[in-house]
Every structure is written in structure tokens, then in C-alpha cells.
Amino acid sequence: MKNLSLGISLLVALCLNACSTNPVTGESEFSLVSEEQEVNIGNQQYQPTKQSQGGDYDVDEDLSAYVNEVGQRLAAVSDRDLPYEFSVLNNGVPNAWALPGGKISVNRGLLVELDNEAELAAVLAHEIVHAAARHSAQAVTRGTLLQGALIAGAIGSQDSDYSNLIVGGAQVGAQLINQGYGRDAERESDRYGIEYMLEAGYDPEAAVSLQETFVRLSEENNPGWLQGLFASHPPSQERVENNREMVEALQPQIAGRDMELGRERYQQQIAFLKESQPAYDLFDEAQENIANDDLDAAMDKARQASEMVPQEARFIGLQGDILFYRNQYRDAIEAYDQALRLDDDYFDYYLGRGVSWSRLGSAQEARRDLEQSAELLPTAIAMNELGKIELDSGNRNQAIEYFQVAASGEGPVSREAREYLIRLDLPNNPGNYVQTQPMVANNNRLVARVTNPTHVDMQNVTVEFATAVNGQTGRQRRTVSSLPAGASVDVDSGITLPAGQQPQVSISVSSATVE
């Protein structure tokens, strides 16, 4: 009872300390994420998350400056003073997202679908509310509670893997931008976003026309929209009507005011983006050709796109990828060099060039590029390749560290890294890779269910049994000659447990080998 009382007291104290007031709604809420942590999450995750979503759109820097200007105009009237940042990403999927702390991005693929500056303001204001109202931070709190652990120290410092490509701390940003907000959070962002638009001088009717456009596009089942904005911000006719009602309720405040729509200014700003859209369409088609193993068609389209927009590094980088797939590593390196001269801040060109150098046996150049790629965005590909380079160089411990990071994800590269890791680390830490579960057979014999959860076949798995009953100990050792990948086997210890007593039992794996 004493421990239970202590636990309840700690929980009450935690709840009291974690109760706060939502700066947008004024409502009391429970949060385990402080504002300082929230800002730190945004600062730590913004750059790698942008890298994972295509990187900054630098071809038209004036457009990026313009979007930031509109965003800062809205941020100035928000209910929360945060270090807001707004960027345009080089991604054709129509999407926009906000990280905790006010770090907000919009894809070029969404900008071409908007009609005017007020609609852009509606998008950005909506995302500003998500940040200001702590919606992402609340999602972190909910996830933390489900895991039964505090958030402190779990974000930004934990090197755990999470996807087919991205590894390390960059996991957190991807999880946050891919989450779906609840219905209440979406309605809240719509409502206060409209109020921010009004206060900043934008025509709030654009929030209605924007949702009408989203509903129309969702009905067309466009794959780009379905995997982009609609995945986390689902449109509906209900949201259209809700926005219309909110705007109508604000009419007394709108009457007599000259509210901005900004269509001409917006169309001027996105003119180059719309003009260059055919080149990006060719880029998307080339990627589909690669997926279908039609490298000749892919190269033809990538070159056409590059001729249309020669300052776009992505088109040249894609040519480097195609040359790499053809095993033309030196030609690929030249293409990556050219892409990096146009954009030296995108992980993929360093990654492609690094792996190309590795295939040519140039470890020093490969290591340099792969480390730079991993600094911009840690990926399983870079970490696995670095592990192999260190292994070939005789740096076993360093290789294990790289394979550990690469192995914690999913997909074929992470599986390959796990195999390397098991072969290197199994002799020293067999218990990390073999699972044991104690059981009692019908004859009261102690049995261990020994499982190999890996993709690697094992041999000579030695299982150690230890028991303690009334101060007397018993020890036995059993060896499983073969334990295939994914298999389980029940091992009889030879120890009979005394009936009606609770002995101390210990089962461990002391050794195992792989071919």
C-alpha cells in the first residue's frame, strides 16, 4: 500500500505540474512538453525533416521570401510568440505542415493549386494555429503517455530508427508531420486561422474557397493529394460549411474594411513555378520510369527537364541516380558534382556520390560524402555503407556502431545491416539476438523456449539454466545445435522444480555462432 500511495502522489504531482493553459483557446490542458522543449524539438527537427521532404526550393528564392513574408505577417497576429519560420520545399506533392515551435513548410506542389495570396494565408494561418495551439506537442504527450514514459530526454537525443530510409533523431519530425490531427484540432485551426487572416487584413472568404477547392480535388482521387495534405488534413463538405458559418459570424468586423485577396500579386509570384511545371512533370514521370526499370526513358525525360530548367539541381541529381543504377559510377559522380555546384545543401547528392565512390573502392572520398549526407539527413543507406567501409578497413567497433543505427529501420538496407550486425556482435552479446522464455513442463521440469527472431540461421546456441531453492543452487547447460532464422525450440533443462515452492530461475544465452 505504501508503494501504491507513493505512486498516486507522484502521478498527482505530475498532473499538477503538467497542467497548462492553451495560448490560443484559453482552455486548461495536460501537457508533458514545456515550451522550451517544444521550441527545441522544432529547431532540431526542422532541417532534417525538410531534407526528407525534398529540401528547400532554391530555384526561385524570391518565391520562398514571399511565402515567408506572408507567413510572418500572420505570425505577428498569432496568440503565441514563437520563432516562426516559413519555407517552400522542392516537392511536387501538395502538402503543408507545422512542427512544434512554429517551424512551417509548404510544398511547391500546393502553391500551384492556390489562386491568390489570401488562400496562401489560409493555409499558413491554419498551420500557425497547429503550432500556436500546441497540437503537435499534445500529440507527443499522448504518445508519451501511451508508452508510459516522460518526454524529457526522449526527443532529439535518442538515436532510434523509424522508417525505410530515415534513421536516428530525424524520426521524430517525420512522425509529427505524418500524423493525422483530430477533428477538434482541425476545426480549431480552421476557426482561429480565419481570425488570424481577418486581423492580418486578408479576406477570410478565401478560407471557404480553399476548402471548396480541396473538396473538389479530393473527389478526383488525385494520388498526389491523397498522399499529401489530405492525409493529415482531410477535407469535407462539413469543413466548407463550418468555415462559411465562421466567416458569416465575422461579418460585423469585416463590414467597411478593404480585405485583401491579392490574386494578381500571388499569380506574379508563382509565374515561374507554373511556367516550369512541365519540367517537374517530366521529373515525376522519370521517377516512375525508374520504378518500372525503364532507365533509358527516365534519362531522356530527366535531360529534357534539365534543358527546360537548367538551374534545377534535382534534374541533374536524378541523372546521377540513373547513371548509378547503370553501374556507370564515374559518370554518376560527375553528375552529382554538377548538382552540388547548384545546390550543396541536399543530402541525396552526397549520398549518391558517396556510394559511387564506395563502389569504385575509394574509401576516403566515400567516407567524406557519406558522413556529409548523414549530417544533413541520417539514412540507413549512408550508415550501412559507412559500416561496410569501416569493416573493410578493420575498424570493427566503428562498423558495429554504424550497423546498429542502420539496422533499426525497415526495408532491405536495414535488413542487410542487421545481418552484418548479428555476425559481428553475436559472439560478444548473444543474449541481444536470442530470446528465452521460462516454462514449466507437466512433470515440473524447467524448460526454456528459445527463439531466433532474426533473419540469420544460428548454430551451437548455448543456454544456461540457474535455480535457487532454499539457499541451494542448481545449474545446467544445454546446447541447441541448429536454430534457423525465425524458429523456436523448447529446451529441457533437466532440472525438476520442487512442487509448491517459488524458486528463483535464471535463463540466459552464453554463446551462439553463425556460418
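Q: How many bridges pair E8 with strand E9?
A: Eleven bridges, and E8 and strand E9 (residues 472–483) run in the antiparallel sense. Strands here are DSSP runs of E with at least two residues, helices are runs of H or I with at least four residues, and both are numbered from the N terminus. Two strands pair if DSSP finds at least two bridges between them.

Q: Before we go on, what kind of model is this?
A: It's a predicted model: local features need pLDDT of at least 70, side-chain atom pairs count only at pLDDT 80 or more, and totals for chains, interfaces and linings use all residues. Residues are numbered from 1 along each chain as its sequence is written, and side-chain values use heavy atoms, with hydrogens and water left out.

Q: Ok, back to E8 and E9. Which residue stands opposite Phe 465?
A: Gln 476 in E9.

Q: And what's in the hairpin of E8 and E9?
A: Two residues sit between the strands, and Asn 470 takes a positive phi near 50° in that hairpin.

Q: Where does Asn 460 lie?
A: In strand E8, which covers residues 458–469. Asn 460 isn't a glycine, yet has a positive phi of about 50°.

Q: What's the relative accessible area of Asn 460?
A: 41%, so Asn 460 counts as partly exposed. The scale, with a 1.4 Å probe and protein chains only: buried is under 20% relative accessible area, exposed is over 50%, and partly exposed is in between.

Q: Moving to E7: which strands does E7 pair with?
A: Strand E6 (residues 435–440) is joined to E7 by six bridges, antiparallel. Strand E10 (residues 488–496) also pairs with E7 in the antiparallel sense, over six bridges.

Q: Is E7 enclosed or open, and why?
A: Five of the seven residues of E7 (residues 445–451) are buried, so E7 is largely enclosed by the rest of the structure.

Q: What about the loop between E6 and E7?
A: Asn 444 is in that loop. The hairpin has four residues between the strands, and phi of Asn 444 is positive there, near 65°. With a relative accessible area of 25%, Asn 444 is partly exposed.

Q: Switching to rings: how many aromatic pairs does the structure hold?
A: Ten. Rings of Phe, Tyr and Trp (its six-membered ring) pair if their centres lie within 6.5 Å; planes under 30 degrees apart count as stacked, over 60 as edge-to-face and the rest as tilted. Take Tyr 66 and Tyr 266: their ring centres are 6.4 Å apart and their planes at 50°, so the pair is tilted.

Q: Where do Tyr 66 and Tyr 266 lie?
A: Tyr 66 is in helix H3 (residues 61–75) and Tyr 266 in helix H14 (residues 263–269), so the pair ties together parts that are 200 residues apart in sequence. Tyr 66 counts as buried at 5% relative accessibility, and Tyr 266 is buried with a relative accessible area of 1%.

Q: How are the rings of Tyr 346 and Phe 347 arranged?
A: Their centres are 5.2 Å apart and their planes at 75°, so that pair is edge-to-face. Tyr 346 is buried at 11% and Phe 347 is buried at 6%.

Q: Which residue lies over the face of Tyr 346?
A: Arg 314, at 3.7 Å from the ring centre. A charge sits over a ring if NZ of Lys or CZ of Arg is within 6 Å of the ring centre and within 35 degrees of the ring normal. Lys 50 lies over the face of Tyr 46 too, at 4.4 Å from the ring centre.

Q: Now the largest nonpolar core: which residues touch the most other members?
A: Val 67, Leu 74, Leu 111, Leu 120 and Val 461, out of 131 residues. A nonpolar core is a set of buried Ala, Val, Leu, Ile, Met, Phe, Trp, Tyr and Cys residues joined through side-chain atoms within 4.5 Å. Helix H5 (residues 117–132) gives the largest share of this core, ten residues. Apart from this core lies another, of seven residues, among them Tyr 46 and Trp 97.
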